[in-house]
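Visitor: Hello! I would like to take a close look at a single part of this protein. Could you walk me through it slowly?

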Amino acid sequence: MFVRAKKSGAYEYLQLVHNERVDGKVRQQVLATLGRLDVLQQTGQIDALVASCGRFAQHTAVLDAHRQGQTEAVATVKIGPSLVFERLWKTLGLPDILESLLTGRRFEFAVERAVFLTVLHRLFDPGSDRAAEVWRTGYALAGCQELDLQHLYRTMGWLGEPLPSDQQAGATPFVPRCAKDLIEEALFARRRDLFSGLDLVFFDTTSIYFEGQGGESVGQYGHSKDHRPDRKQMVVGAVLDNTGRPICCELWPGNVTDVKTLIPIVDRLKSRFGIRRICVVADRGMICKKTLQELRVAHRDTRFILGARLRAVKEIRQQVLADPGAYEEIYGPKVRSKDPAPLKVKEVWIQDRRYIVCSNADQARKDRADREAIVAALRDQLKRGDKSLIGNKGYRKFVKSVGGRRFEIDEQKVQDEARFDGIWVLQTDTSLAPADVALKYKELWMVEAVFRSLKSVLETRPIYHKCDDTIRGHVFCSFLALVLLKELQARLEAHGWRPEWERLKADLDALEEITVVNAGKSFVIRSQTRGDAGKALQAVGVAL
C-alpha cells in the first residue's frame with residue numbers, strides 16, 4: 001500500500017493505492033482519492049494525515065524521536081567487531097576445533113568463548129588479559145559476559161600446556177608440543193588442498209622482549225631484533241603459505257639463534273601436516289653450510305630459496321659477484337609509483353651450487369647516496385678531530401687506524417662497498433627460472449608484514465605472565481588474531497577492496513546497538529554503517 005500523485009487535467013490528485021497480484025501479474029487498485037494535492041498542501045491536511053498515521057507507526061515514531069533527541073539512551077554496545085569476526089571464527093571451524101580438544105576436560109566455564117574474547121581484544125584494543133576483561137563490557141559478545149580474569153588466565157595456560165609424553169613426536173629440541181599445536185593442525189586440515197606436490201612456505205623469526213621476568217625458561221637473553229639486549233626475550237617463528245595465510249607459529253626461548261631453527265621447522269612441517277615436498281623461502285639469517293647439507297638429505301625432499309650473506313661468504317664475494325654473465329631484465333625503470341621496483345637477475349653456478357644474483361637500480365642509487373652521505377659526514381668529523389663517533393657502526397666500516405693514534409678514511413673499503421649497491425644474492429636448489437626465484441623470495445615480505453602486525457597492530461607486548469604455558473598461550477592468541485585478520489583481508493581483496501586496517505577497525509567499532517526508552521517502552525536501535533564497515537560485513541556474508 002502506498003500514496004501516489006495522479007495527474008488529471010491541470011491538477012494532481014493524491015491517491016491511496018493497493019498492489020495485488022491477479023493471474024500472476026501485479027495490479028494496482030485505487031482505494032481512495034484523498035483530494036487535490038495543492039489544496040491538501042495549502043490547508044495542512046496532508047501533514048495532519050501523516051501525523052495521524054504516525055501514531056500507529058511505532059518504529060518510525062521512535063526513530064524520529066531519537067533523531068530529535070527526545071529518547072533516553074539507557075545502554076550502548078558495539079556490535080561491528082563481533083558480527084564480522086564471529087562469522088569468520090565459525091567459518092574457519094574454530095568453535096568445533098576447540099570443543100573437540102576440550103572433550104573430557106572440566107573447566108566449568110566456556111573456554112572457547114574465553115579464547116574468542118582474547119583474540120578479538122587483540123584485534124581491536126590489544127593489551128593484557130586484565131585489560132580484556134574490562135574491554136569486553138562495551139561489546140556485544142555472546143557468552144563472554146560471565147567470564148572472569150581467572151578464566152582468561154586458565155585459558156592461556158591450557159593453550160600453552162604441554163601435551164602428554166605419547167603425543168610429543170615431532171617436537172623441536174627447544175620446546176614441547178602444546179595444545180596450541182593441535183589447533184594449528186586442525187585448522188590446516190580444513191584446507192589441505194593448498195598443499196599438493198611442491199609448494200612454497202615462507203619462514204622467518206622475530207623476538208619479543210618481556211617487561212617482567214620472562215617466564216620460567218622461555219625468557220632468555222639473546223640477539224634482540226628490538227634492540228633491547230637488556231631485556232629477556234622469546235623467539236617467535238611464523239610459517240606462511242604461498243597465499244600469505246599463517247600456517248603455524250613456533251615459540252622458543254630467547255637464546256635460540258635463527259640458524260638453528262630452519263631444520264626443526266622443516267621436519268615439524270612434514271610430521272605435523274603430512275607435507276611430502278616443500279620449498280622453503282627464508283632470509284639469510286637461516287643459512288649456513290650445515291643447514292644446507294641437512295636440507296639436502298634425501299628423506300627431507302626439501303627445496304630451498306635462501307638469502308645469502310654477501311659480505312660474509314668468501315665464495316659469493318670473490319666469485320659470484322665477479323661473474324661476468326649478463327643480467328636478464330625482469331622489470332624496467334618505474335613509470336608510475338605503483339609499478340614494481342626495477343629488477344634484473346642472472347644465474348651463477350659454482351660447482352654444484354646455484355646462485356641467483358639480483359639487482360635493483362633504484363636501491364643501488366639509494367645505497368650509493370647513503371654511503372656518500374656517511375663518508376661526507378665522517379670526513380667532516382675527522383677534520384674536527386672528533387674520534388668519539390668512530391664507535392658508530394655506519395662510520396666504523398669506512399675508517400682505518402693509522403699508527404694507533406688517529407683515524408682516516410679507508411678509500412679501499414669505500415670502493416669495495418660500492419660493489420654491493422642494490423645487490424642481493426639467493427642460493428637455491430630449485431629448477432625454477434632465475435626470475436621466478438627472485439620474485440618468490442621477494443614475497444618473503446609477507447612474513448615481515450605479519451611480524452609488523454604482531455608487534456604493532458596487535459601489540460603482543462606487554463606480557464605480564466610468569467609461567468611458560470600462559471606466555472605461549474598469550475602469544476598464540478595474537479597468532480589466531482592474525483589468522484582472522486588475514487582471512488578478512490583475503491575476502492575483501494576478492495571483492496577488489498583493500499581498506500586500511502586502522503580505519504576499518506574504527507568503522508566497525510562505530511556500529512552500535514542503542515537501547516532507548518520512549519513513551520515508557522524500550523526499543524533497540526542500530527546505528528548506520530559508516531566507511532568500510534559495510535564492505536567488511538558484505539565480504540564475510542553478514543546481512544544487516
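Visitor: What volume does the largest pocket have? Please tell me about its lining and the parts around it, too.

Guide: Happy to! Please keep in mind that this is a predicted model. The largest pocket has a volume of about 780 Å³. Its lining is made of 28 residues, and those nearest the centre of the pocket are R284, L310, R311, I423 and W424.

Sorted by class, the lining of the largest pocket holds twelve nonpolar residues, twelve charged ones and four polar ones. Several elements of secondary structure take part: helix 13 (361-383), strand 15, helix 16 and helix 17 (445-457) each give at least two residues to this lining. Helix 13 is the biggest contributor, with five residues.

Let's stay with helix 16 for a moment. This helix spans residues 434-442, and its buried residues are P434, A435, V437, A438 and Y441. Looking down the axis of helix 16, you would find these buried residues within an arc of 165 degrees, so they line one face of the helix. What lies over them? The cover of the buried residues of helix 16 includes strand 8 (278-282), strand 9 (302-307), strand 10 (328-331), strand 11 (343-350), strand 12 (353-359) and strand 15 (423-428).

Rolling a probe the size of a water molecule over the atoms shows where empty space is left. The structure holds two cavities of 30 Å³ or more. The second largest cavity contains about 40 Å³ of space. Its lining consists of V175, P176, C178, K180, D181, E250, L251, R268 and R472. By class, that makes four nonpolar and five charged residues, with no polar ones. Helix 9 (179-189) and strand 7 (246-253) each provide at least two residues of this cavity's lining.

One more residue deserves a stop: K270, which sits in helix 10 (residues 262-273). K270 has a relative accessible area of 17%, and the cut-off for buried is under 20%, so K270 counts as buried. Apart from neighbours within four places in sequence, K270 is in contact with I275, R276, R277, R300, D301 and T302.

For contrast, here are two loop residues. D23 lies in the loop between strand 2 (11-22) and strand 3 (25-36), and is exposed, with a relative accessible area of 75%. E108 is found in the loop between helix 5 (94-101) and helix 6 (111-124), and is exposed as well, at 80%. Most residues other than glycine have a negative phi. D23, however, has a positive phi of about 55 degrees, and E108 has a positive phi of about 65 degrees.

Finally, step back to the whole chain. Its secondary structure comes to 20 helices and 17 strands, and buried residues make up 45% of its 544 residues. Among contacts with a separation of 6 or more, 64% join residues 24 or more positions apart. The chain exposes about 28,000 Å², with 49% of that supplied by carbon and sulfur atoms.

Technical notes
Residues are numbered from 1 along each chain as its sequence is written. This is a predicted model: local features need pLDDT of at least 70, side-chain atom pairs count only at pLDDT 80 or more; totals for chains, interfaces and linings use all residues. Side-chain values use heavy atoms; hydrogens and water are left out. Buried means under 20% relative accessible area, exposed over 50%, partly exposed in between (1.4 Å probe, protein chains only). Helices (H or I, at least four residues) and strands (E, at least two) are DSSP runs, numbered from the N terminus. The arc is that of the directions from the helix axis to the C-beta atoms. Contact means heavy atoms within 4.5 Å. Accessible areas come from the Shrake-Rupley method with a 1.4 Å probe; for residues, only the protein chains shown count as cover. On a 1 Å grid over the protein atoms alone, a cavity is a set of points where a 1.4 Å probe fits but cannot get out, and a pocket is an open set with protein on both sides within 12 Å along at least five of seven lines; lining residues have an atom within 4 Å of a point. Grid points are joined across faces, edges and corners, and a volume is the space filled by probe spheres set on the points. Ala, Val, Leu, Ile, Met, Phe, Trp, Tyr, Cys and Pro count as nonpolar, Asp, Glu, Lys and Arg as charged, and the others, Gly among them, as polar.
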